[in-house]
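Biologist: Please take a close look at the pockets of this model. I would like their linings described in terms of residues and elements.

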Amino acid sequence: MPATAFAGAHLTINLDAITANWRALGARLKGGALAAAVIKANAYGLGMAAVAPALHKAGCREFFVASLDEAIALRAILPEGRIYVFFGPSAQDAAEYSRHRLIPVLNDLGQIDAWRARSNAGEGEKAVLHVDTGMSRLGLPPDEVARLVAEPARLAGLNIAYVMSHLACAEQPGHAMNAAQLAEFKVALESLGAHTANSKASLANSSAIFLGPEYHFDLARPGAALYGLNPTPDQPNPMSEVVRLQGKILQVRRVDSSRSVGYGAAHVAERPSRIATVPVGYADGYLRSASNQAANQACGYIRGARAPVVGRVSMDMITLDVTDIPQAHAHPGAAVDLIGGPYPVDRFAADAGTIGYEILTMLGQRYRRLYVEDGKQRIAAE
Ligand SMILES: *Cc1c(COP(=O)(O)O)cnc(C)c1O
């Protein structure tokens with residue numbers, strides 16, 4: 001798209017803030033513990049191809065992705081750096097891990113067997129052993145850990161770099177699950193001890209870093225906090241803002257009282273109103289659940305003034321009530337803050353009935369994407 005084309009919205013992604021957040025998280029860890037970067041789902045929607053090299057340049061060497069495909073794509077971007085794959089190998093694709101120098105997370109006895117039996121087995125290639133302590137999603141449940149301990153030949157010759165687990169409720173510091181999972185993780189480490197004597201341990205996601213040093217172990221795996229989401233929802237956000245979405249008003253129209261706005265006539269003006277249309281809709285990840293609701297009404301901000309979303313979010317557009325904003329400010333072409341700045345992504349997420357993770361990973365592809373790096377702005381490569 002030529003730089004002069006009309007852009008209805010700009011999505012600014014601050015890579016300097018991401019690297020600053022990575023450093024700040026690392027600085028919070030107890031001595032000797034490392035911060036990895038979780039960059040699955042295209043770096044939480046922000047663009048792995050831009051985010052991964054920026055983090056690598058900042059000194060990050062441990063990267064986690066979800067799938068093998070993500071890992072192969074990342075290896076093409078990052079010739080160096082350790083790449084861990086949460087989903088782990090199957091008998092069919094185990095050899096791909098060696099080919100691309102990837103480190104699998106082994107989530108059950110089947111994956112352990114597949115990894116041990118892989119063709120062209122490179123001795124000493126690292127793997128991570130995942131024990132489940134309460135997610136019941138991936139990882140070995142306690143009975144499989146017991147079987148491993150009883151049948152140590154299953155681990156023979158494997159180089160388990162880390163034993164890991166994952167917390168279910170880390171963003172709620174008072175939740176009993178945290179201490180319970182920590183205790184269960186320690187029991188698993190203890191019982192595996194003899195077989196994983198050279199292994200390190202990894203438990204913490206973003207929020208767990210803030211639960212205290214006993215949760216840090218050797219390697220933390222933050223994702224959300226790198227991208228500016230608040231890892232401590234009950235406290236002010238300690239992270240730097242990364243994402244800012246600004247739209248431009250396309251049209252402003254007068255609506256008489258009792259006229260309706262948008263699909264389903266879901267909003268009826270109670271007074272003579274001015275309604276601004278902004279060309280961002282659910283096809284752009286502005287979730288339809290942000291349509292005006294009785295509680296938690298989503299909004300945009302025009303020069304710092306709140307303009308509530310009225311009517312339903314359409315595929316390509318939203319409508320904002322700008323009746324209380326001076327006409328000189330709310331006019332076609334005027335900028336509207338939709339996410340970030342006066343309206344933090346976590347607040348928009350709450351008003352749309354979801355969490356910031358979903359907002360980031362749903363961000364659409366129609367925005368003009370701008371990256372800020374080393375204090376300079378550049379337009380993202382198409
Ligand atoms: C996604 C994920 C993380 C990162 O979690 P955040 O809450 O985004 O910091 C860490 N570990 C595992 C196993 C994950 O799936």
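Modeller: A pocket here is an open set of points on a 1 Å grid over the protein atoms alone, where a 1.4 Å probe fits and protein lies on both sides within 12 Å along at least five of seven lines; lining residues have an atom within 4 Å of a point. The model is predicted, so local features need pLDDT of at least 70 and side-chain atom pairs pLDDT 80 or more, while totals for chains, interfaces and linings use all residues. Residues are numbered from 1 along each chain as its sequence is written, and side-chain values use heavy atoms, without hydrogens or water.

The largest pocket holds about 740 Å³ of space, a volume being the space filled by probe spheres set on points joined across faces, edges and corners. Its lining has 38 residues, with Tyr44, His166, Asn205, Ala224 and Tyr357 closest to the centre. Helices H2 (40–44), H9 (206–209), H10 (345–351) and H11 (356–362) each give two or more residues to this lining, and H10 has the largest share, with four. Helices (H or I, at least four residues) and strands (E, at least two) are DSSP runs numbered from the N terminus. The largest pocket lies between domain 1 (31–227) and domain 2 (243–379), because both contribute to its lining; the domain bounds come from an automatic or database assignment. By class, its lining comprises 22 nonpolar, 10 polar and six charged residues. Nonpolar means Ala, Val, Leu, Ile, Met, Phe, Trp, Tyr, Cys and Pro, charged means Asp, Glu, Lys and Arg, and the others, including Gly, are polar.

The second largest pocket has a volume of about 320 Å³. Among its 17 lining residues, Arg253, Ser260, Val261, Gly262 and Thr319 are nearest the centre. Strands S12 (251–255), S13 (260–261), S15 (273–278) and S18 (318–321) each supply at least two lining residues, with S12 giving the largest share, four. This lining divides into six nonpolar, six polar and five charged residues.
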